[in-house]
Amino acid sequence: MSANDPDDLSGKLRPEGNDAVEPCPFCCRLNSPGACDACEHFFGSYWDGEIICSETFEEFATEWSDLGTLVLELEESLGKSWKQLLRLAILGRDASMLAQLEPNDVSATSALMEIVAFTSGPKIETDGMLSGEGHSVYVKDPATIPKVISAVGRIREKLEGMRPDDGAVG
């Protein structure tokens with residue numbers, strides 16, 4: 001086994017007092033996401049269809065929600081569809097990642113899972129009153145998430161300029 005083989009856990013450091021058992025698929029560090037002890041590649045957990053335990057997901061969810069609110073407003077006031085609004089705003093590369101995702105039809109979790117090439121950790125299932133299932137979510141390049149958040153923000157800013165009361169489009 002190679003030094004970066006995630007199946008070879010021998011010799012891997014575990015944080016003191018932590019039962020870290022999940023190797024990162026990229027750096028092979030043993031993580032314990034439930035104890036908030038994970039490498040830079042750990043993004044959060046995908047649990048019962050939602051992203052949880054993520055430091056940056058709420059920022060994306062806020063941008064996504066704000067974009068959805070604006071799109072609804074523009075669709076009503078301009079009589080244009082989401083795809084027509086994207087074409088009118090001439091958004092180029094930023095819009096290409098969102099063209100198939102309508103902010104008011106797709107949750108922030110579903111959108112981010114579609115946009116970013118996440119790698120999943122092992123599946124976990126729990127029983128009992130608080131049962132559920134999910135897995136950790138890792139991203140190879142941690143800078144990807146802020147870039148996606150910025151792209152959604154840029155799209156929202158450009159679409160804001162299309163409000164009829166701003167005089168940009170009539």
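Which residues of α5 are buried? I opened my notes with that one, and the list reads Ile145, Val148, Ile149, Ala151, Val152, Gly153, Ile155, Arg156 and Leu159. For "buried" I used under 20% relative accessible area, with exposed over 50% and partly exposed in between (1.4 Å probe, protein chains only).

**Ground rules.** I am working on a predicted model, where local features need pLDDT of at least 70, side-chain atom pairs count only at pLDDT 80 or more, and totals for chains, interfaces and linings use all residues. Residues are numbered from 1 along each chain as its sequence is written, and side-chain values use heavy atoms, with hydrogens and water left out.

**Overview.** I looked up the secondary structure and found 5 helices and 7 strands in the protein chain. Helices (H or I, at least four residues) and strands (E, at least two) are DSSP runs, numbered from the N terminus. The order along the sequence is β-β-β-β-α-α-α-α-β-β-β-α. The protein chain has 170 residues, of which 38% count as buried. I then checked contacts, meaning heavy atoms within 4.5 Å. Among those between residues at least 6 apart in sequence, 54% join residues at least 24 apart.

**Helix α5.** Back to α5, which covers residues 144–160, 17 residues in total. From first C-alpha to last, α5 reaches 24 Å, close to the 24 Å expected at 1.5 Å a residue. The expected span is 1.5 Å times one less than the number of residues.

**α2 against α5.** How do I describe a packed pair? Two packed helices are described by the angle between their axes and the distance between the axes. The axes of α2 (residues 82–89) and α5 come within 10 Å and cross at roughly 85°. I note that axes are lines fitted to C-alpha atoms, for helices over the stretch in contact, with angles from 0 to 180 degrees between N-to-C directions. The two helices are therefore roughly perpendicular to each other. My angle classes are under 35 degrees for roughly parallel, over 145 for roughly antiparallel, 65 to 115 for roughly perpendicular, and oblique for the rest. On the α2 side the contact uses Trp82, Leu85, Leu86 and Ala89, and on the α5 side Ile155, Lys158 and Leu159. I sorted these residues into 6 nonpolar, no polar and 1 charged. Here Ala, Val, Leu, Ile, Met, Phe, Trp, Tyr, Cys and Pro count as nonpolar, Asp, Glu, Lys and Arg as charged, and the others, Gly among them, as polar.

**Cysteines.** How many disulfides does a search of the whole structure find? It finds 0, taking a disulfide as a pair of cysteine sulfur atoms within 2.5 Å. For Cys24, the nearest cysteine sulfur is that of Cys39, 3.5 Å away. Cys24 is buried, at 0% relative accessible area. Cys28 is buried too, at 2%, and its sulfur is 6.7 Å from the closest cysteine sulfur, in Cys27, too far for a bond.

**Positive phi.** Most residues other than glycine have a negative phi, so I looked for exceptions. Cys36 has a positive phi of about 60°; Cys36 sits in the loop between β2 (30–31) and β3 (42–47) and is exposed at 76%. Cys53 has phi near 55°, lies in the loop between β4 (50–52) and α1 (57–78), and is exposed at 55%.

**One last pair.** Ser65, in helix α1, is partly exposed at 42%. Ser65 and Pro103 are 38 residues apart in sequence, with their C-alpha atoms 7.3 Å apart.
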